[in-house]
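Subject: Handover of the two-chain model

Dear colleague,

Please find below the structure that I am handing over to you, followed by my notes on what was found in it. I would be grateful if you read the notes with the coordinates open beside them.

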Amino acid sequence: MDAALLTTLTTWLAMSIRMSVPLLFPSLGGLLAQKAGVYNFGLEGMMLCGAFFGYWVSNKTGSPWLGLLAAIISGALLALLLAFTSIRLRVSQLVIGLGIGIFSLGFTGYLFRLVPSEAGGVAPAAPLFPKVNFGALRGIPFIGDTFLSHDWMVYAAYGFAAIIAWFFYRTTAGLNFRAVGENPQVADTAGINVILYRYLAVIISGALAAMGGAYLTLTQTAYFTENITAGRGWIAISAIILGKFNPWGVLLACLLFGAADSGQMHLQFMEVGIPYQFLLMVPYIMAIIAMTGVVGKVRSPAAMGKPYAKH
Amino acid sequence: MPEEIYLSFRDIRKIFPGVVALDGVNLDVYRGEIHALLGENGAGKSTLMNILYGLYHQDGGEIFLKGEKYEHNTPKNAILHGIGMIHQHFMLIPNFTVLENIILGQTSPNPPKMEKEYFRKEIFKVADKFGIKIDLDLLVEEVSVGMQQKIEILKALYKGAELLILDEPTSVLTPQESQELFKMLDDLNKKGTTIIFISHKLNEVMQISDRISVLRDGELIATVSKSETDHHELSKLMVGREVEEEYQKEEAKYGEDVLILEKISLIDHHNHDRRLLKEISLKVCEGEIVGIAGVDENGQKELAEIISGLRKPSSGKISMFGRDVTHATTHQLIEMGMSYIPADRRNEGLVLEFSVAENTILETNYQKPFTKGISLQKSVITKFAQDLVREYDVRTPSVNVPVRNLSGGNQQKVIIGREFSKKTRFLLVVQPTWGLDVGAIEYVHHKLLEAREKGISVLLISTDLEEVRKLSDRILVIYEGEIVGQADTRTSVSEIGLMMAGSKKQTVSL
């Protein structure tokens with residue numbers, strides 16, 4: 001293989017992995033909520049808050065770790081709002097989710113304007129997480145550049161997918177968890193605390209979505225911009241369907257979307273003569289195709305979106 | 001032998017919004033007996049048991065279990081105290097395996113791991129003890145309804161149930177499956193399990209129970225020993241008055257053929273090309289009630305949808321009044337004189353949020369005098385609805401309340417009134433008395449017989465074999481989308497039952 005092609009392939013793959021991560025976090029979060037029977041349509045909003053508070057606190061304190069903590073708290077709080085309104089008050093999950101999205105867009109945009117600019121009119125940068133140091137292994141050709149060139153959040157995202165798969169299919173708690181999303185009444189009669197499982201699912205879902213947002217500002221850009229997530233919270237929802245509600249499937253779906261995203265960026269560099277606006281559409285068009293059922297019959301959790309009322 | 005009281009209810013009260021569901025119920029259940037709770041729909045049988053099991057909470061009264069006060073009734077606590085309940089709608093998750101369904105909510109010996117193999121051995125021990133044979137690795141959705149019920153029972157036994165509550169367990173079973181269930185219950189009972197059996201069917205209650213408690217309108221009317229009572233007394237206790245055992249039917253006066261189905265088949269292209277209906281041929285003539293008996297989900301719904309024009313058959317021909325209507329729309333069929341009383345009155349028969357008056361003109365609203373130009377004639381409609389409500393004895397505060405607020409029986413009366421007030425010549429009726437009390441059932445049945453006397457042709461599709469036998473002139477049996485047998489009112493229940501189970505096929509000619 002000639003060297004230039006190998007380099008392109010390596011950078012494309014490495015970039016695909018990086019671009020899949022901001023989808024994988026919210027997708028796994030959404031998957032958790034949906035498997036427990038609650039639609040989290042607020043993923044996008046939770047990501048945005050995660051991105052902003054991650055950036056802002058990291059910038060103020062100089063520690064990306066504190067930034068990440070702030071991001072997680074912001075996502076979890078928004079998720080708590082979603083959980084309380086949809087589980088306890090049984091308000092439409094769609095309405096609250098959309099509300100969270102619109103609120104977060106305005107709220108983070110506003111707060112960002114309050115951040116004083118530095119000389120030259122640019123916003124201050126946030127300290128970033130460093131790449132993981134694999135030592136000598138990093139030198140392995142192809143493997144090193146493709147798989148060992150990332151920061152810890154990349155590996156964490158993929159690790160979460162494995163942990164969630166293990167939890168769903170190998171633990172009693174996971175079985176109970178899935179039962180809550182399939183038929184809460186069955187779960188209830190089996191002595192499972194439906195409400196508790198659903199609260200936990202939604203709150204962890206929010207925390208994961210916010211980590212996806214924080215990944216953007218704390219490992220990639222160092223800056224916040226308005227609507228930095230650009231609909232990734234929505235693509236995550238189609239990744240869940242494309243992945244057939246299975247953690248490994250979701251991981252592959254995110255990787256596919258990531259590859260599409262990184263592919264369109266490469267095409268932009270190569271100046272193939274297609275207006276870049278069209279290339280930017282690629283992941284979104286793929287999301288639409290995913291939603292139209294190219295993967296065949298997808299079986300969603302039977303009680304998804306339905307509040308559970310006890311007499 | 002002195003009886004030991006296992007469970008007692010003392011003065012249990014439960015109020016649902018607007019209804020007193022249980023009004024001071026006192027009941028004792030002895031250890032080791034089979035105790036039937038008999039009553040009509042809405043009498044409070046299930047409510048009482050759901051309180052014991054902890055799905056509801058009583059508004060007043062106390063429960064004593066083995067002489068001790070039983071408080072904090074939750075499902076979890078019920079299981080701990082050896083109470084198992086088999087609900088009318090099975091508490092099983094279709095895309096989980098049998099094993100997963102049984103271990104749901106159980107504590108693993110080695111958390112957080114699931115340890116399926118450990119549970120498998122434990123479940124086999126229980127299954128062996130009670131002589132139950134089930135493949136634990138099948139998905140629940142792959143097994144028959146009768147088997148699902150066994151899974152439910154095994155699940156309860158595995159969780160250590162000494163008291164088994166069964167809520168209308170035979171409503172989804174064929175007569176043969178019911179007998180199998182009774183045998184199993186008898187076995188369990190001999191091995192020491194106390195059983196509470198909820199039913200509204202007298203035959204079953206008389207067959208299986210030791211003692212019978214009758215509930216009516218939330219009150220416990222009486223508790224009697226089986227040996228000291230009979231059908232007649234029980235039905236009187238249950239309904240509060242004498243019940244007609246059989247209807248007086250007029251001699252049939254058959255006229256011309258009205259509906260003819262020729263080799264109707266339906267293939268589900270979305271599900272591996274499954275054949276939902278297989279070459280169904282039948283005909284119904286004027287002044288005749290043809291009943292289609294069968295266990296639920298054997299193609300009845302699809303057949304009704306095809307006859308009413310809601311769905312097109314994959315092949316075959318339908319004629320009505322001598323015209324080919326295979327491709328006719330529902331609207332055209334209605335115009336030709338078809339009336340349809342669907343199985344699901346709440347979702348298909350009515351628009352629940354609409355008022356009673358609006359529901360009475362759902363199909364005819366575009367006609368004069370209900371519409372002039374493009375505007376609905378409110379006063380005409382109100383008058384029409386008021387007349388209908390009076391004629392069909394619909395109990396409603398006014399015709400302007402949402403039909404949702406009416407009881408099931410009154411909702412059905414609205415539908416019947418609507419369909420009968422048209423110029424009906426062919427009537428398609430599906431599950432017309434599902435969930436109704438005895439009074440309303442009698443009313444509906446009389447209306448159907450009245451239609452027959454007027455020369456209307458009636459196709460009655462019902463899973464209630466008694467109903468089909470009481471009303472029909474001819475009976476066809478459907479099994480897995482196929483007409484597998486023909487019978488008349490003289491054919492015995494057990495013979496029809498065998499056909500319903502698909503084990504006795506005969507060739508059926510038109």
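**Chain B as a whole**

Buried residues make up 43% of the 510 residues in chain B, where a residue counts as buried if 20 or more other C-beta atoms lie within 10 Å of its own, as exposed if 12 or fewer do, and as partly exposed in between, with the C-beta atoms placed from the backbone. Please keep in mind that this is a predicted model, in which local features need pLDDT of at least 70 and side-chain atom pairs count only at pLDDT 80 or more, while totals for chains, interfaces and linings use all residues. Residues are numbered from 1 along each chain as its sequence is written, and chains are lettered from A and ligands numbered from 1 in the order in which they are written.

Chain B has 17 helices and 22 strands, these being DSSP runs numbered from the N terminus (helices are H or I with at least four residues, strands are E with at least two). The radius of gyration of chain B is 25 Å, which agrees with the value near 24 Å that a compact globule of 510 residues would have; the radius is taken over C-alpha atoms, and the globule rule is 2.2 Å times the number of residues to the power 0.38. Along the principal axes, the C-alpha atoms of chain B fill a box of roughly 70 × 50 × 50 Å. Of the contacts in chain B with a separation of 6 or more, 67% are between residues 24 or more positions apart, a contact being a pair of residues whose C-beta atoms, placed from the backbone, lie within 7 Å.

**Where the chains meet**

The contact between the chains takes 18 residues from chain A and 18 residues from chain B. On the side of chain B that touches chain A, the largest share, three residues, comes from helix H2 (residues 75-80) of chain B. That side of chain B divides by class into eleven nonpolar, four polar and three charged residues, where Ala, Val, Leu, Ile, Met, Phe, Trp, Tyr, Cys and Pro count as nonpolar, Asp, Glu, Lys and Arg as charged, and the others, Gly among them, as polar.

**Helices of chain A**

Helix H7 (residues 172-182) of chain A is largely enclosed by the rest of the structure, because nine of its eleven residues are buried; among them are A:Leu175, A:Phe177, A:Arg178 and A:Glu182. The buried residues of H7(A) pack against helix H1 (3-35), helix H6 (152-170), helix H8 (184-189) and helix H9 (194-221) of chain A, together with helix H3 (98-103) of chain B.

A:Ala187, which lies in helix H8 of chain A, is buried, with 29 other C-beta atoms within 10 Å. Leaving aside residues up to four places away in sequence, A:Ala187 touches A:Asn176, A:Ala179, A:Val180, A:Ile192 and A:Val194.

H1(A) and H9(A) pack at an angle of about 175 degrees with their axes 8 Å apart, the axes being lines fitted to C-alpha atoms, for helices over the stretch in contact, and the angles running from 0 to 180 degrees between N-to-C directions. These two helices, H1(A) and H9(A), are therefore roughly antiparallel to each other (angles under 35 degrees count as roughly parallel, over 145 as roughly antiparallel, 65 to 115 as roughly perpendicular and the rest as oblique). By class, the contact of H1(A) with H9(A) has 15 nonpolar, five polar and no charged residues.

Helix H3 (residues 64-88) and helix H4 (residues 93-114) of chain A pack at an angle of about 160 degrees, with their axes 10 Å apart, which makes H3(A) roughly antiparallel to H4(A). The contact is made by A:Leu78, A:Leu81, A:Leu82, A:Thr85 and A:Ser86 of H3(A) and by A:Gln93, A:Ile96, A:Gly97 and A:Ile100 of H4(A), and these residues divide into five nonpolar, four polar and no charged.

**Backbone points to check**

The peptide bond from B:Pro111 to B:Pro112 is cis, with omega near 5 degrees, and B:Pro112 lies in the loop between H3 and helix H4 (116-130) of chain B. The bond from B:Lys368 to B:Pro369 is also cis, with omega near 0 degrees.

B:Asp11, in strand S1 (residues 5-16) of chain B, has a positive phi of about 55 degrees although it is not a glycine.

With best regards

Notes: Contact = placed C-beta atoms within 7 Å.
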